[in-house]
Amino acid sequence: MKKLVPDPPPSLCINPGLTHDEAVRKATEHLKKAIDAASRLPAPPEERYRTMLTETQLNMRIAKAMLVVAVSRSTISVPI
């Protein structure tokens with residue numbers, strides 16, 4: 001019998017017992033991949049879509065920076 005709902009890709013599965021540090025590391029990796037993928041997209045022809053893409057990229061960079069700050073022992077000097 002065919003499954004009605006396919007299994008999610010492995011990247012969408014959260015393993016039980018995932019530590020805080022592992023979760024932050026994986027979140028940072030996924031953000032890096034998303035930022036890289038978004039930067040390779042062609043510029044949309046319409047201004048509103050270009051603005052949406054730019055804002056999305058900025059929000060992903062901010063989220064990545066916040067993760068870096070969250071795991072840093074000191075926020076005096078954080079490489080972003």
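A residue counts as buried when its relative accessible area is under 20%. By that criterion, 15% of the 80 residues of this protein are buried. The structure is a predicted model, and its secondary structure consists of two helices and zero strands.

The two helices are α1, covering residues 20–39, and α2, covering residues 47–71. Their axes come within 10 Å of each other and cross at roughly 155°. Because angles over 145 degrees count as roughly antiparallel, α1 is described as roughly antiparallel to α2. The crossing of these two helices is left-handed.

Which residues of α1 and α2 make the contact? On the side of α1, the contact is made by Val24, Ala27, Thr28, Leu31, Lys32, Ala34, Ile35, Ala38 and Ser39. From α2 come Leu53, Gln57, Met60, Arg61, Ala63, Lys64, Leu67 and Val71. Sorted by class, the contact of α1 with α2 comprises 11 nonpolar, three polar and three charged residues.

In soluble globular proteins, nonpolar side chains tend to be buried together. In the present model, the largest nonpolar core has seven residues, namely Val24, Leu31, Ile35, Ala38, Leu53, Met60 and Leu67. Both α1 and α2 are elements that give two or more residues to this core. The largest share, four residues, is supplied by α1.

Leu67, a member of the largest nonpolar core, touches Val24, Ala27, Thr28 and Leu31, when residues up to four places away in sequence are not counted.

A final value concerns the separation in sequence of residues in contact. Among contacts in the protein between residues at least 6 apart in sequence, 43% join residues at least 24 apart.

Terms used. Residues are numbered from 1 along each chain as its sequence is written. This is a predicted model: local features need pLDDT of at least 70, side-chain atom pairs count only at pLDDT 80 or more; totals for chains, interfaces and linings use all residues. Side-chain values use heavy atoms; hydrogens and water are left out. A nonpolar core is a set of buried Ala, Val, Leu, Ile, Met, Phe, Trp, Tyr and Cys residues joined through side-chain atoms within 4.5 Å. Buried means under 20% relative accessible area, exposed over 50%, partly exposed in between (1.4 Å probe, protein chains only). Contact means heavy atoms within 4.5 Å. Axes are lines fitted to C-alpha atoms, for helices over the stretch in contact, and angles run from 0 to 180 degrees between N-to-C directions. Angles under 35 degrees count as roughly parallel, over 145 as roughly antiparallel, 65 to 115 as roughly perpendicular and the rest as oblique. A crossing is left-handed if the near helix is turned anticlockwise from the far one by less than a right angle, and right-handed if clockwise. Ala, Val, Leu, Ile, Met, Phe, Trp, Tyr, Cys and Pro count as nonpolar, Asp, Glu, Lys and Arg as charged, and the others, Gly among them, as polar.
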